[in-house]
Amino acid sequence: MLGRRDFVKLAASAGALPLLSSTTLAQLTPNPASIRPPSPAERDAMARLAHGFMDRYGVPALSFAIGYAGTVVHEDAFGVADIERNEAVTPRHLFRIASVSKMITSVTIFRLIEAGRLKLTDRVFGPGALLGTEYGPPPYSAGIDQITLEHLLTHTAGGWSNDNRDPMFTHTRMDHAGLITWTLANRPLDLLPGQRYAYSNFGYCVLGRVIEKLTGQSYAEHVRSEVLARCGVTDMTIARDTREQRQDGEVVYYGQGENPYGMNVPRMDSHGGWIATPADLVQFLMHVDGYTKPVNILRLRTIEIMTTAPADSPNYAKGFCVNKSDNWWHNGSLPGTSTIAVRTHGGFCWAAFTNTRRRSSDMDGELDKLNWSMARQVAEWRVA
């Protein structure tokens, strides 16, 4: 479930709360206060770029949205949501967002931290830990009872990485409880927690169960009511498995040598299971972006901790990829899906989703570049 940026091999810090630099995040005011939508000519220029990308990678449908200062200033969609029915895609069509879901899970965890119900240093497994012995009692293999909440958020738990043994793509008939129990019993960690970054879908699956244990609600129910609804997002839900089980308004997914309907997608809920429109993700990002407008659903200090990466693993914070330019993002990739959502240092938030992917290509990276290129078609937007 990775795009090219998730494959960066990084060293990671231990699980203590990250120390922040003396130059801390200031509450940002959008400058300018607002921007105009693109003109018809600028929209046409964006469309030409989008169609060039789609032709290059065999993309049936591409949908994107751009937001600024609390407003979705532009959205558009190109191509067909369903080839067989020749159904044109619209900005209201829903797409699987894959690992972009991790941003949503992280924000949910940090809301629980703000409420005093969690700490980053809380242990996850074992007697007295967040999940206790719900997924099996000790003895565990070395290090499992030392995994903390922060290790899961930063992909530094020490194992269960997104390689050809990724637990989330095995034993597809098991539910969450069965898969976690099996993994703890049968998959020792590769390293002790805190020694190295290794991107883990399974770690974010476990975070979903932490949310459920603390709240007494299903992961999706809690996220919808306590996070998404506060961002004005009401139509997001967890995807289903088969083409026949698609939600109303959901696109059809097309594989390029792989089956987009051969996974247990509901089990991916907290690491890659949501479906959304690009505008949904833009609204979500604008409510956690550190800008004064709209009012954020997290405190400024919380946002700073959430988006600050350890010094020795500078490209991934806690559910957000980050860089030295103060851009935050996450991309996602599944059979039939390539996605990205970005918060830029200049105050823009945007997202783009497709209903296919091409493995062994730079499609994920090019989708990222496409959004920047489309936004730059409006010169006065000041897209750095």
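Which residue in β9 stands opposite W329?

Reply: V342 in β9 stands opposite W329. Before going further, a word on the model. It is predicted: local features need pLDDT of at least 70, side-chain atom pairs count only at pLDDT 80 or more, and totals for chains, interfaces and linings use all residues. Residues are numbered from 1 along each chain as its sequence is written, and side-chain values use heavy atoms, with hydrogens and water left out.

Strand β9 covers residues 337-343. Strands are DSSP runs of E with at least two residues, helices are runs of H or I with at least four, and both are numbered from the N terminus. Seven of the seven residues of β9 are buried, so the strand is largely enclosed by the rest of the structure. Buried means under 20% relative accessible area, exposed means over 50%, and partly exposed lies in between, with a 1.4 Å probe and protein chains only. T337, T339, A341 and R343 point one way from β9. S338, I340 and V342 point the other way. Both sets are buried.

Now the neighbours of β9. Strand β8 (residues 328-334) is joined to β9 by seven bridges, and the two run antiparallel. Two strands pair if DSSP finds at least two bridges between them. The hairpin of β8 and β9 has two residues between the strands. There, G336 takes a positive phi near 90 degrees.

Strand β10 (residues 348-354) also pairs with β9: six bridges join them, and they run antiparallel. R343 stands opposite C349 in β10. V342 turns up again here, standing opposite W350 in β10. The hairpin of β9 and β10 has four residues between the strands. In this hairpin, G347 takes a positive phi near 100 degrees.

Move on to β10. Seven of its seven residues are buried, which leaves the strand mostly covered. F348, W350, A352 and T354 point one way from β10, and C349, A351 and F353 point the other way. Strand β1 (residues 61-68) is joined to β10 by seven bridges and runs antiparallel to it. G67 has C349 in β10 as its bridge partner.

Next, look at D76. This residue sits in strand β2 (residues 71-82). D76 is buried, with a relative accessible area of 15%. Leaving out residues up to four places away in sequence, D76 touches R43, L62, S63, F64 and P91. Touching means contact, with heavy atoms within 4.5 Å. M46 is 30 residues from D76 along the chain, and their C-alpha atoms are separated by 9.4 Å.

M46 belongs to the contact of α1 with α10. Helix α1 (residues 40-57) and helix α10 (residues 363-375) have axes 9 Å apart and pack at an angle of about 170 degrees. Axes are lines fitted to C-alpha atoms, for helices over the stretch in contact, and angles run from 0 to 180 degrees between N-to-C directions. The two helices are therefore roughly antiparallel to each other. Angles under 35 degrees count as roughly parallel, over 145 as roughly antiparallel, 65 to 115 as roughly perpendicular, and the rest as oblique. On the α1 side, the contact is made by M46, L49, A50, F53, R56 and Y57. On the α10 side, M363, E366, L367, L370, S373 and M374 take part.

The axes of helix α2 (residues 101-114) and helix α6 (residues 219-228) come within 11 Å and cross at roughly 70 degrees. That makes α2 roughly perpendicular to α6. Among the residues in this contact are I104 and V107 of α2, and Y219 and V223 of α6.

α6 lies across β5 and β6, running at about 45 degrees to β6. An open sheet of three strands has the order β4-β6-β5, with antiparallel pairing. Its edge strands are β4 (95-96) and β5 (237-238), and each pairs on one side only. Two bridges join β5 to strand β6 (residues 274-276). I238 stands opposite W274 in β6.
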